[in-house]
Amino acid sequence: MSDRNDVESWVINPDLSPTELEGKQPHIDNGTEPLDPYRYYSKDFMDMEWERMWTRTWLLAGVGSDIPEAGDYLLYKIRQEEIIVVRQDDGSVKAFYNVCPHRGNRMVFNDHGSMMQFTCAFHSWQFGINGDLKQITDEETFKPEVIQHRPGLTEVRCETKAGLIFINMDDDAPALKERLGLPDGYLEQYNIEKMHVVRHVVAEWGANWKNGVDAFYETYHLHAIHPQTQGVMADIGTQYDLYPHGSQRMIVPIGCKSPRVKDQETVDAGLNFLMTSEGMDASKFKGSANDVRLAIAMHKRERAKKLGFDYDHFTDTQLMDSWATGIFPNVQIGMHPEGCFLMRFMPHPTDPQKFYYDTMSLFRPAADPNYKTPDWMGVPKDLDLSGETRPDTEYYAIGEDANLGEVLSQDVDLLEAVQVGTRSRGFKGALWGEQEQRIRHYHREVDRYIDGEK
């Protein structure tokens, strides 16, 4: 890992070319000017985002493992829209606006469910899971001209990728493959389709959704806001990579100390925690702090073979580090072989100074009942990890403790203060450094939609 401070991004493995998934990507110049902070609080800007961006981009609606069988559905909500995503008889996935074409009633009211037909609770009109109209109650009382087009549920474009489900409300938008921005095979290598949601939390936070994204797209703030992380991850040393169409990632080194820490040799409590969390006997470890990363990676490989997992295609850094991957406009996936943290920063329906932090913890189960989520995943101990039962989504209002852990609680307090500051006359716009280049990259993409370039 490069320790140079004069580069625009540190490099995890300088020997790799940009064509390799772990390789450092070429620099993209997104300019240096500060952007008007009204984007963080303006209702007008919020409305432009809706009309010009949210309704025209590919949005991550859910994970395929949540709807394994025909008739299984999930409900995706964004601002005033609700979209039913349902598994079809042939195994494909379709999406429809959650609205009856008769009088506008909602068709389903649960976050998840299973049914082989949708029946409107208002007048009992019935629709197949493919959206086709099956029955109109008292059809003979309608003039043929009113219903001759056989009004079915209005379909929304839907595509799947690597176990993830995306929707797009724009019929004319380019295909997902053209807009995703990530290299071929990038998502597929983690076998997300074999993972299951073990916890799903939606918490209302007192900030604009972009302030939420901004905070999660860099490690520059860790030393100040999350000092407890300094002993287990290298905030200085993160590799930042920018991809087309606003997508980007950072590779955050885990299992080592921040270069800000003076003692780089002692294996202290944080590193012992990581080893113990992985099932190692930390008391028998004889190396220095610099040897911990490789030791944990080797242990993971050995354990994977016993569990029947194929980890041969993963590099050592993939086994250890967080490939925190941003998918435009509002997603970050913390990618690990054991599981993923899938975070969506969802806009509030009416208030630009609030958003919903929507986070799913995904875990790949094994036949071994002793195999549990690593402690660093932070999920409660009593959760069902088998994947047989989809947990209910937990909802929390502003001020309620969502039990997301110390680090995220610190982020909640931080973002409320930042949101207030963005409205100050003294704030002229963010001065992003190169450790914040992911932020400028996705904001530049937001502006492409706002300005009509896309």
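Me: On a 1 Å grid over the protein atoms alone, a cavity is a set of points where a 1.4 Å probe fits but cannot get out. How many cavities of 30 Å³ or more does a search of the whole structure find?

Reply: The model is predicted. The search covers the whole structure and applies a threshold of 30 Å³ or more. The number of cavities found is three.

Me: Which residues lie closest to the centre of the largest cavity?

Reply: The largest cavity holds about 120 Å³ of space and is lined by 16 residues. By class, this lining has nine nonpolar, four polar and three charged residues. Elements that give two or more residues to it are β10 (164-168), α3 (176-179) and α10. Closest to the centre are Thr57, Trp58, Arg179, Phe328 and Tyr449.

Me: How do the residues that line the second largest cavity divide by class?

Reply: About 40 Å³ of space lies in the second largest cavity. Its lining includes Met46, Glu49, Trp54 and Trp209, with Pro347, His348 and Asp351 also among the residues. The lining divides into five nonpolar, two polar and three charged.

Me: Which helix gives the most to the lining of the largest pocket?

Reply: The largest pocket contains about 1400 Å³ of space. Its lining comprises 46 residues, and Thr229, Met233, Phe341, Trp376 and Val407 are those nearest the centre. By class, the lining residues are 24 nonpolar, 15 polar and seven charged. With four residues, the element that gives the most is helix α9 (residues 406-422).

Me: Is α1 roughly parallel or roughly perpendicular to α10?

Reply: Helix α1 (residues 43-52) packs against helix α10 (residues 437-450) with the axes 9 Å apart and an angle of about 75°. Angles from 65 to 115 degrees count as roughly perpendicular. The orientation of α1 to α10 is therefore roughly perpendicular.

Me: How many residues of the contact of α1 with α10 are charged?

Reply: From α1, the residues Phe45, Met48, Glu49 and Arg52 take part, and they meet Val446, Asp447, Tyr449 and Ile450 in α10. Five residues of the contact are nonpolar and none is polar. The number of charged residues is three.

Me: Why does the pair of tryptophan 205 and phenylalanine 216 tie together parts that are apart in sequence, and how many residues apart are they?

Reply: The structure has 23 aromatic pairs by the rule applied. In one of them, tryptophan 205 and phenylalanine 216 are tilted, at 6.4 Å centre to centre with 35° between the planes. Tryptophan 205 belongs to strand β11 (residues 196-205) and phenylalanine 216 to helix α4 (residues 209-216), so the parts tied together are separated in sequence by eleven residues.

Me: What is the omega of the peptide bond from phenylalanine 328 to proline 329?

Reply: Proline 329 is in the loop between β14 (322-327) and β15 (331-335). The peptide bond that joins phenylalanine 328 to proline 329 is cis, with omega near 5°.

Me: Where does arginine 79 lie?

Reply: Arginine 79 is not a glycine, although its phi is positive, at about 50°. Its place is the loop between β2 (72-78) and β3 (81-87).

Me: What separates the C-alpha atoms of glycine 152 and proline 101?

Reply: Glycine 152 lies in the loop between α2 (144-147) and β9 (155-161). Neighbours within four places in sequence aside, glycine 152 is in contact with Pro101, Phe127, Gly131 and Leu133. Glycine 152 and proline 101 are 51 residues apart along the chain, and their C-alpha atoms are separated by 6.9 Å.

Key. Residues are numbered from 1 along each chain as its sequence is written. This is a predicted model: local features need pLDDT of at least 70, side-chain atom pairs count only at pLDDT 80 or more; totals for chains, interfaces and linings use all residues. Side-chain values use heavy atoms; hydrogens and water are left out. Axes are lines fitted to C-alpha atoms, for helices over the stretch in contact, and angles run from 0 to 180 degrees between N-to-C directions. Angles under 35 degrees count as roughly parallel, over 145 as roughly antiparallel, 65 to 115 as roughly perpendicular and the rest as oblique. Contact means heavy atoms within 4.5 Å. Ala, Val, Leu, Ile, Met, Phe, Trp, Tyr, Cys and Pro count as nonpolar, Asp, Glu, Lys and Arg as charged, and the others, Gly among them, as polar. On a 1 Å grid over the protein atoms alone, a cavity is a set of points where a 1.4 Å probe fits but cannot get out, and a pocket is an open set with protein on both sides within 12 Å along at least five of seven lines; lining residues have an atom within 4 Å of a point. Grid points are joined across faces, edges and corners, and a volume is the space filled by probe spheres set on the points. Rings of Phe, Tyr and Trp (its six-membered ring) pair if their centres lie within 6.5 Å; planes under 30 degrees apart count as stacked, over 60 as edge-to-face and the rest as tilted.
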